Amino acid sequence: MSQPEYTTAQANALTNHDRKPIHIPGSIQPHGILLALSNQLEILQVSNNTQVYLCKSPEDLLSQPLSYLLEPQPVEIVKQCLVKKVGSANIFKVLINTLYGEIYFDAIAHRTEEAVILELEPTDSEFEMSFLNFHSFASEAIAKMQKTSNLGEFLHLVAEEVQKIIGFDRVMVYQFDESEAGSVVAEVKREDLSPYLGLHYPATDIPAQARELYTRCFLRFLPDLTAEPVKLVPTENPTTHQHLDLSYCLLRSFDWCCTEYHQNMGVKALLVISIIQEQKLWGLISCHHQTPKYISYEVRKMCEFLGQIASSELAHKISNSEWDYKVKLKSLQSEFLESISQADNFIDALIKPEIRLLDLVSASGAAVCLDNEITLVGTTPNIDEVRALIEWANTQVSDNLFATDSLPKLYQEALVFKDTASGLLLLRISKIRRYYILWFRPEVLQTVHWAGNPQESMQAQADGSYTLSPRKSFEQWQETVRLTSLPWKPCELDSAIALNNAIVGIVLSKADELAKINLELERSNQELASFAYAASHDLKEPLRGIYNFSTVLLEDYAQVLDDDGMECLQTVVSLSVRMETLINALLRLSQLGQAQLRLQATDLNELLNQVIDIFRASRQDSGLVDIRIPRPLPTVLCDRVLVNEVFSNLLGNAFKYNDKTEQWVEIGYFSQEEAEGQRGRGAEEQGETRGITHTQCPMPHAPCPIFYIRDNGIGIPQHHLETIFRLFKRLHSQQKYGGGAGAGLAIVKKIVELHNGHIWVESTVGVGSIFYFTLE
């Protein structure tokens with residue numbers, strides 16, 4: 001059977017086995033008797049061996065009150081169970097008169113959902129063990145366990161102390177792993193027996209239903225696996241018409257599979273003690289004897305008590321063994337998060353130095369994915385493989401944290417990079433954006449020693465299904481495990497979660513800071529705009545005076561002034577005109593900053609015709625003006641007056657900065673879909689025919705059109721493509737290309753941004769320019 005076939009068969013067989021109601025077997029072991037009582041303590045069911053111990057047949061006892069069998073004091077003790085929670089037991093000694101004489105029993109009473117159950121085991125002692133006797137018996141073992149700090153030594157000591165108390169041939173400590181399989185981690189045995197220490201056992205050996213019972217009832221005792229079980233009479237509870245729940249019963253009979261399994265190991269008596277960690281079954285203290293062996297109830301309770309002490313101490317031993325590693329992770333985590341919170345560049349903070357991100361979870365490689373940007377650190381699959389892995393995780397992983405030590409078994413494509421990523425720890429930082437951190441671990445070949453071939457427990461049936469069957473052999477059987485990495489520890493997963501929480505906190509903190517800065521910036525901009533408006537408006541009056549008085553001097557006192565004086569006055573007039581132009585530009589910008597857009601549906605063809613008519617009228621002495629419009633422009637929602645100013649400025653600049661004999665300007669637009677293709681073609685065509693250098697275009701996300709104005713003018717140097725939009729930025733002297741204030745493009749940019757749009761330019765010197773803009 002192949003590994004995938006075995007895994008499927010194992011899952012199906014376990015499911016079938018777990019359907020078997022082993023907690024309601026309808027029978028008990030023969031070393032005691034059982035009575036099921038109603039809430040009125042009337043006997044509803046009894047085990048079919050009462051004649052042996054009480055000299056009374058089941059028929060003699062059924063429907064009788066408990067007082068028929070017991071004295072008032074023990075009856076009162078049993079009655080107390082009615083007010084206790086399910087599973088809580090009252091334990092006491094009881095004397096019953098029989099035809100054989102007086103017999104003492106260890107009595108255990110507890111309540112279920114449907115009945116009160118009383119178990120009676122005959123005992124040679126009429127006295128309960130005192131606390132002092134119990135303490136002296138167990139205190140030495142407890143003291144030894146508490147002094148031992150090493151986990152392996154501690155588990156061996158637990159097995160050794162239990163073996164001293166019960167004298168069984170073999171006592172083992174068995175630990176479960178994440179897959180519910182387990183291994184023997186400590187063993188004390190008779191010298192002539194084969195060792196089981198270090199051997200692994202599949203999950204099928206202790207199915208889920210049995211493990212669940214071990215979490216409810218901490219001790220299981222089977223003194224004779226060859227003994228015939230004793231049926232309950234009647235089989236069903238006459239009140240509920242259901243089989244009696246014997247989950248908490250010490251006498252509950254054993255499943256045939258359990259019997260055959262242990263008999264195949266040569267075991268005739270069995271004692272199992274649960275080891276519980278964080279309310280989960282961590283492992284078992286499993287005790288085997290080669291011949292039937294009875295242990296008194298007091299000794300069993302002592303073993304159960306040692307098991308509880310072992311569970312308590314185990315938490316400390318595990319904690320101590322992992323403490324140093326956890327402290328290291330916490331320290332690294334603290335330093336890491338502090339550097340992230342102070343960093344300007346998020347990715348740099350994560351990967352520099354790279355070892356910090358890897359050490360955070362003891363990984364050999366990592367990938368940081370922020371949308372489509374992927375950064376690799378350490379030993380990893382390549383970019384394309386990581387990208388494909390993230391696509392798989394998007395559809396297959398719903399949790400924010402996902403970990404596996406056998407990725408190729410879940411994601412077949414991972415077989416090609418198993419050497420670098422057989423283990424994967426994936427952290428989803430955002431469910432809205434594609435923000436991930438992935439950590440990788442390489443394949444580690446492992447040799448697992450099994451107690452017999454685990455596949456032998458799967459028996460094929462005629463219909464093709466598989467059932468669970470006890471293995472016949474427990475000889476050591478080796479298996480090489482491939483396509484797995486070292487497993488991720490819980491503290492490493494906690495470290496990844498802490499990183500995620502910190503990142504979210506830092507992002508929220510940064511967003512809060514940014515919001516405060518934006519509010520302050522908005523207030524400052526409003527104050528600056530108000531100041532600019534007031535200053536510009538107030539400056540015009542004294543400037544007008546300078547201009548007027550200078551003009552008067554030139555006209556009325558020309559005969560008084562010499563040539564140098566006249567030249568100085570003419571310069572003052574020229575400079576005042578220049579200054580008024582600058583002030584008007586500044587005033588216009590400040591007005592735009594305070595303006596409210598008057599949005600309306602605007603036919604840009606009609607608007608552009610008005611702009612062109614005015615432009616042609618102003619250039620009547622300049623010959624033919626070649627303005628090309630390849631197709632009608634769309635109707636858009638905008639401020640008609642301001643957009644008129646945008647076209648006027650851009651059209652004017654296109655002809656103003658043009659030294660060609662045949663000048664032309666093309667005005668058009670692209671839809672978003674057309675723009676993607678146009679930019680690709682434009683780059684190729686213009687790169688070959690016109691030599692235009694393309695800048696990075698801030699392509700808008702909204703489906704709005706992209707307008708352009710193309711010319712065959714003088715072009716703009718590459719290093720000036722961003723600066724031309726600054727206020728008063730001129731690339732030429734006042735004497736060239738008709739002068740100007742250098743404010744036109746700054747005003748255009750302001751208007752476009754008021755419409756939530758973008759403006760950018762592509763250009764090559766001597767060939768021409770293309771101005772693009774959007775109005776969102």
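Reader: In this predicted model, in which loop does Asn 756 lie?

Author: Asn 756 has a positive phi of about 60 degrees, although it is not a glycine. At 57% relative accessibility, Asn 756 counts as exposed, since exposed means over 50%. The loop that holds Asn 756 is the one between helix 20 (744–754) and strand 28.

Reader: Is Glu 278 buried or exposed?

Author: Glu 278 is found in the loop between strand 12 (269–277) and strand 13 (280–289). Phi of Glu 278 is positive, near 55 degrees, in a residue other than glycine. The relative accessibility of Glu 278 is 75%, and therefore this residue counts as exposed.

Reader: Is the peptide bond from Val 233 to Pro 234 cis or trans?

Author: Pro 234 is found in the loop between strand 11 (230–233) and helix 8 (256–264). Omega of the bond from Val 233 to Pro 234 is near -15 degrees, and the bond is cis.

Reader: How many Å apart are the end C-alpha atoms of helix 6?

Author: Helix 6 covers residues 151–166, which is 16 residues. At 1.5 Å a residue, helix 6 should span 22 Å.

Reader: Which residues of helix 6 are buried?

Author: An α-helix has 3.6 residues a turn, so residues three or four places apart point the same way. Helix 6 is followed by Gly 167, whose phi is positive, near 70 degrees. Within helix 6, the buried residues are Phe 154, Leu 155, Leu 157, Val 158, Ala 159, Glu 161, Val 162, Ile 165 and Ile 166.

Reader: How are the rings of Trp 760 and Tyr 772 arranged?

Author: The count of aromatic pairs comes to 11. In the pair of Trp 760 and Tyr 772, the ring centres are 5.4 Å apart and the planes stand at 15 degrees. Planes under 30 degrees apart count as stacked. The arrangement of Trp 760 and Tyr 772 is therefore stacked.

Reader: How many residues apart in sequence are the parts that Trp 760 and Tyr 772 tie together?

Author: Trp 760 is buried, with a relative accessible area of 6%, and Tyr 772 is buried as well, at 9%. Trp 760 lies in strand 28 (residues 759–764) and Tyr 772 in strand 29 (residues 768–774). The pair therefore ties together parts whose separation in sequence is 12 residues.

Reader: Which residues do ring pairs link into a cluster?

Author: One member of the cluster, Tyr 669, also has Arg 631 over its face, at 4.1 Å from the ring centre. The ring pairs link Phe 647, Tyr 669, Phe 707 and Phe 773.

Reader: How far from the centre of the ring of Tyr 196 is the charged end of Arg 170?

Author: The charged end of Arg 170 sits over the ring of Tyr 196. Its distance from the centre of that ring is 3.9 Å.

Reader: How many residues apart in sequence are the parts that Glu 391 and Arg 434 tie together?

Author: Side chains of opposite charge can pair when their charged atoms come close. The side chains of Glu 391 and Arg 434 meet in a salt bridge, at 2.6 Å from N to O. Glu 391 lies in helix 12 (residues 383–396) and Arg 434 in the loop between strand 17 (423–430) and strand 18 (435–441). The pair therefore ties together parts whose separation is 43 residues.

Reader: Is Arg 710 buried or exposed?

Author: Arg 710 meets Glu 666 in a salt bridge of 4.0 Å, N to O. This pair links distant parts of the chain, with Glu 666 in strand 26 (residues 664–670) and Arg 710 in strand 27 (residues 706–711). Glu 666 counts as buried at 16% relative accessibility. Arg 710 has a relative accessible area of 12%, and therefore it is buried.

Reader: How many salt bridges does the structure hold?

Author: One of the salt bridges joins Asp 626 and Arg 628, with the closest N and O atoms 3.3 Å apart. Other salt bridges share partners and join Lys 93, Asp 106 and Glu 298 into one network. The number of salt bridges in the structure is 19.

Technical notes. Residues numbered from 1 in each chain as written. Predicted model: local features only at pLDDT ≥ 70, side-chain atom pairs only at ≥ 80, totals over all residues. Heavy atoms only, no water. Helix = DSSP H or I, 4+ residues; strand = E, 2+ residues; numbered from the N terminus. Expected span 1.5 Å × (residues − 1). Buried < 20%, exposed > 50% of the residue type's maximum accessible area, 1.4 Å probe, protein only. Phe/Tyr/Trp six-rings, centres within 6.5 Å; stacked < 30°, edge-to-face > 60°. Lys NZ or Arg CZ within 6 Å of the ring centre and 35° of its normal.
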